[in-house]
Protein chains: 2
Amino acid sequence: MVKKVLKFGGTSVGTTERIQHVAYIIKKEISAGNKVIAIVSAMAGKTNELIKLSEEISKEFDKRELDVLLSSGEQVTCALLSAALLKIKVKAKSWLNWQIPILTDGDHSNARIININIERINKYLDNNDVAIVPGFQGISKTGDITTIGRGGSDATAVAVAKIFKADTCEIYTDVDGVYSTDPNKIPVAKKIDKISFDEMLELSSLGAKVMQSSAVQTAMIYDIPLEVKSTFTERKGTKIFSQENIDYTKSVTGVAYSKDDAKITITGVEDRPGVAANIFEPLNKAQINVDMVIQNISSDTKTTDITFTVKRNDVQKTLQILKAKSEIKYKEIIKNQKVAKVSIVGAGMVSTPGVTYRMFRALSDENINILAISTSEIKLSVIIDEEKILKAIKKLHTIFELD
Amino acid sequence: MVKKVLKFGGTSVGTTERIQHVAYIIKKEISAGNKVIAIVSAMAGKTNELIKLSEEISKEFDKRELDVLLSSGEQVTCALLSAALLKIKVKAKSWLNWQIPILTDGDHSNARIININIERINKYLDNNDVAIVPGFQGISKTGDITTIGRGGSDATAVAVAKIFKADTCEIYTDVDGVYSTDPNKIPVAKKIDKISFDEMLELSSLGAKVMQSSAVQTAMIYDIPLEVKSTFTERKGTKIFSQENIDYTKSVTGVAYSKDDAKITITGVEDRPGVAANIFEPLNKAQINVDMVIQNISSDTKTTDITFTVKRNDVQKTLQILKAKSEIKYKEIIKNQKVAKVSIVGAGMVSTPGVTYRMFRALSDENINILAISTSEIKLSVIIDEEKILKAIKKLHTIFELD
């Protein structure tokens, strides 16, 4: 007997017709002799509808009550899917967060799953086929409903898969997998059959939003193989494994990008220990996420220039903080909000020499100026002029043989 | 400190604007030094919307899952009202059925409240002002969500008022009280200031649908004074007491009617003991509710005619059962589905001679033929031709000085 966790996102359960289709997908698994725990999101649009109601009451709607409000969305899907399964003679039952229970820690709207009681559901599955569990929520130690912030329903699916020792965890969504780059922008983008957790994380945090990053992180930590696939086609999806189970034939797996970055350069900063800390400590305190940092070597040995990137909507706050801090001495602050980040991602990069050189050469051939560079084991990112983003993605996708 | 249970029906919480209005009504009570437990229904239209979704899945939607589905409606109202109160600085909190818990017995969609744990809410109210509780639902001993059939949110309000030993139980609705007859049909209908439980029961079961009958019954049994009032006006409502607290100046309190009855006559039935039982036992078993029964004295002493009324949609089933029972011997079965029931209701009737006579005379004056009569302590009902219903109500309303 194979125990599967299947997660269905909002568009997959967006109408009662689609819910009935999901019931048939699950029935196939049952007919194949598997047991299923299905994690469901709220019907597409439903959560936004509830948020709209809350905003009509108050823009600062109480967080505890917002969780009570929003959690009703997944409850509705649970009941509908369970009844759709029962109708086609599959032994199914909805399990609400407090009936399991799914225990969480942390603040309302940003809780974290800390435990799931498996006993009752396991016993139930001895003589039944499907347990349907609402994603995105749990209850706190004080018995209040909480919604989980990072990862949402994906995080619930991974946590359930881990605790129930499921054989697979399949994420059903409205795309049929992870692509080598954005298929909406680059028509030659190709679906990736297998990808490592690390690569998936780099791709998704860089804009290829198929799954929530924190859910992938959890899956990586506990080595739970994932599969992302489409609810609407029968095609194979993308399998996400730990790196050692993948044979790399290519050095680069995908090209990711993001367009919400801004570059800030502080010139004429004193070149002595502690200066960088003086700059980045107050930004960190203000929860401004600094991404790339480059410190230029200056001809004048007493001063240096520091360049870094932040999210565009943090630019104003960043400038305010820097200007307010009297201990930061500088000549000038230059901001550039019209930049974009392009990254090549691939676990095979580390064993393939020359990837860096080939990337720089390719961009140079297209007359694209590199404004900043950052590297990691499996990723190489550059900041370029925003207008040249599409040209850059296309070129890199081609030269690394992803077309 | 006065402890009040306030119940708000679906139209009272039909929009976020109305919910905010309800928050102000509650705030007034808090400012007056009272503590409030608010019972809320789903927003108007919401339950029907959920039922529509369920019907898209299946007309025979699983009953357990239907309860899971429908109970989400009240949950949404609880969160919205609680946040609306917090916004205007009233210490409020939503309490879902399983958080209290409200324990129920009986089948899904038709459960009955058997207990409510008052401990946590009472403790909470020591330092806070309002507990918001979803109407119409509870959890079973097995921890499943159940909705309560008879009485709905009104029944929750009365049960909460009883168990919490509330000082008053106020039912906020979209009408401003109980009227002497249907104000939509008879413009001279007058709001009743005070009414006894018995009268209220007779009026509501006969068509004056302001409150659910079974909730009134429970209030009567435990002597919990009720008040029905409008959410939308500041006018006084109708107080519902036990009979001994009311001084009757009029013999008749109101005129009720219903138009979903049918009359069935079985002629030529043997006139011997046990015959009536033979007829009504199988109907009772089939859960057909027989209302009035009249046995005519026949000139032929060996046979008699039996007339009774049932709900119109039970007529076919009734005829089938009677025809199938070989032990019931008769000459003919005559059905009349175009009848209506008109009743005068009043706790003062018992002490006022001549009420019966005056009713019959009045109907006769209007040339209305009486097809059947039934009497009780506080009610006198007649079956008449459906077409004459309005004429009858008007006449009775006038002669018993209710205009």
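B:Glu401 counts as exposed, because 11 C-beta neighbours lie inside 10 Å and the cut-off for an exposed residue is 12 or fewer. The model is predicted. B:Glu401 belongs to the segment after helix H11 (389-399) of chain B. Its phi is positive, about 55°, although B:Glu401 is not a glycine. Most residues other than glycine have a negative phi.

A positive phi also occurs in chain A. A:Asp223, again not a glycine, has phi near 50°. A:Asp223 sits in the loop between helix H7 (213-221) and strand S13 (226-230) of chain A. This residue is exposed, since 11 other C-beta atoms lie within 10 Å.

Cis peptide bonds were examined next. Most peptide bonds are trans. In chain A, the bond from A:Ile100 to A:Pro101 is cis, with omega near -15°. A:Pro101 is placed in the loop that runs between strand S3 (92-94) and strand S4 (102-105) of chain A. In chain B, the bond from B:Ile100 to B:Pro101 is cis, and omega is near -15°. The loop between strand S3 (92-94) and strand S4 (102-105) of chain B holds B:Pro101.

The arrangement of the chains was then considered.

Terms used:
Residues numbered from 1 in each chain as written. Chains lettered and ligands numbered in written order. Predicted model: local features only at pLDDT ≥ 70, side-chain atom pairs only at ≥ 80, totals over all residues. Helix = DSSP H or I, 4+ residues; strand = E, 2+ residues; numbered from the N terminus. Buried ≥ 20, exposed ≤ 12 C-beta atoms within 10 Å, placed from the backbone.
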